[in-house]
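Here are a few notes to read alongside the model. Have it open and follow along.

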Amino acid sequence: MIHPKAVKVSHSREEAPSKPKLHEMTFTDCINAILTTTSPISPQLKTHFFAMAKSHKVLPDNLSFDTTDSFIKACVKLAEEDFRGIEILLSFLKSDDRVFSRFYPSKEVLGRVDIGRCLNSEVSEERRLGLNFACFLLRYYEDVQYDDITGDPEILMRLRKAEVERMWIDIESLAANQESMLRVTRENQEMTSKAVTELFIYIEEFKRSNTHSMSEIAKDIELLKAELAKTGKLRNSEGRYSVSYTHLRAHETGRNLVCRLLLEKKKKKKKKKK
């Protein structure tokens, strides 16, 4: 008889799910591993997740809304420990419409990300990342206010200054694009004008060459008429003409000859009867 505790132990071993190894993890496995980790996330898992996220650029098409929400939560959780979490989240917000539409920057979420900590970093790249993320949220999420990002007056002043600079950059970029479009439009108009001019020239040349060809054909017809007139007189403009008896005799065949002789014999008999 098997001891009850032995049965319980063997049963628990059968139900224990096997966790995939790090190099075997899919993108979804990495997301779930980050969300289920209670202790600080291991550097190996972070590196693996960041590498996979950068290689994807956008989320796979077959992911559900729940998985998209889990991805956003994983990025927020990573951002609490590593600035690269903000970098990945910002990248997907710009490139993936699903992530953009599912992300809601509430005060709680912004508090966990703590953009102010990023803006106060001693590393210039991290400060630039914080400015980019803050300006993006202020521009594209109307519910986000300056106070939601940070309460530090100095950081707020830097943030407003950066936003104004970005607005001027956008205005200059729009002006440059407009000038480029106008230049392309003028070039297209010039090309169209040249093409139309060349087309008219071609049509005129075709008309002249066609008229010349018709005149040559008319000359050939007149020469043909002249050659035909040598064999007899033209009867009318339709091309009917009469020829001499001698000309017919010169071109008659054997059958024509028999018919002519019979007709002449018949005529002689009629004359004798008279």
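This is a predicted model: local features need pLDDT of at least 70, side-chain atom pairs count only at pLDDT 80 or more; totals for chains, interfaces and linings use all residues.

1. Residues are numbered from 1 along each chain as its sequence is written, and side-chain values use heavy atoms, with hydrogens and water left out.

2. Take a look at D96, in the loop between α5 (84-95) and α6 (97-102); helices here are DSSP runs of H or I with at least four residues, numbered from the N terminus. D96 is buried at 4% relative accessible area (buried means under 20%, exposed over 50%, partly exposed in between, with a 1.4 Å probe and protein chains only).

3. What does D96 touch, not counting residues up to four places away in sequence? The answer is V58 and L59, where contact means heavy atoms within 4.5 Å. Its side chain also reaches the backbone nitrogen of R98 at 2.9 Å.

4. On to the rings: the whole structure has ten aromatic pairs (ring centres of Phe, Tyr or the six-membered ring of Trp within 6.5 Å; planes under 30 degrees apart are stacked, over 60 edge-to-face, the rest tilted). F100 and Y141 make a tilted pair, because their centres are 4.9 Å apart and their planes at 40°. F100 lies in helix α6 and Y141 in the loop between α9 (124-140) and α10 (146-149), so the pair ties together parts 41 residues apart in sequence.

5. F100 is partly exposed at 27%, whereas Y141 counts as buried at 10%.

6. Finally, F27, F49, F50, F71 and F92 form one aromatic cluster.

Definitions and conventions. Helices (H or I, at least four residues) and strands (E, at least two) are DSSP runs, numbered from the N terminus. A polar contact is a pair of N or O atoms within 3.5 Å; within protein, one must be able to donate a hydrogen and the other to accept it, and residues adjacent in sequence count only if both atoms are side-chain atoms.
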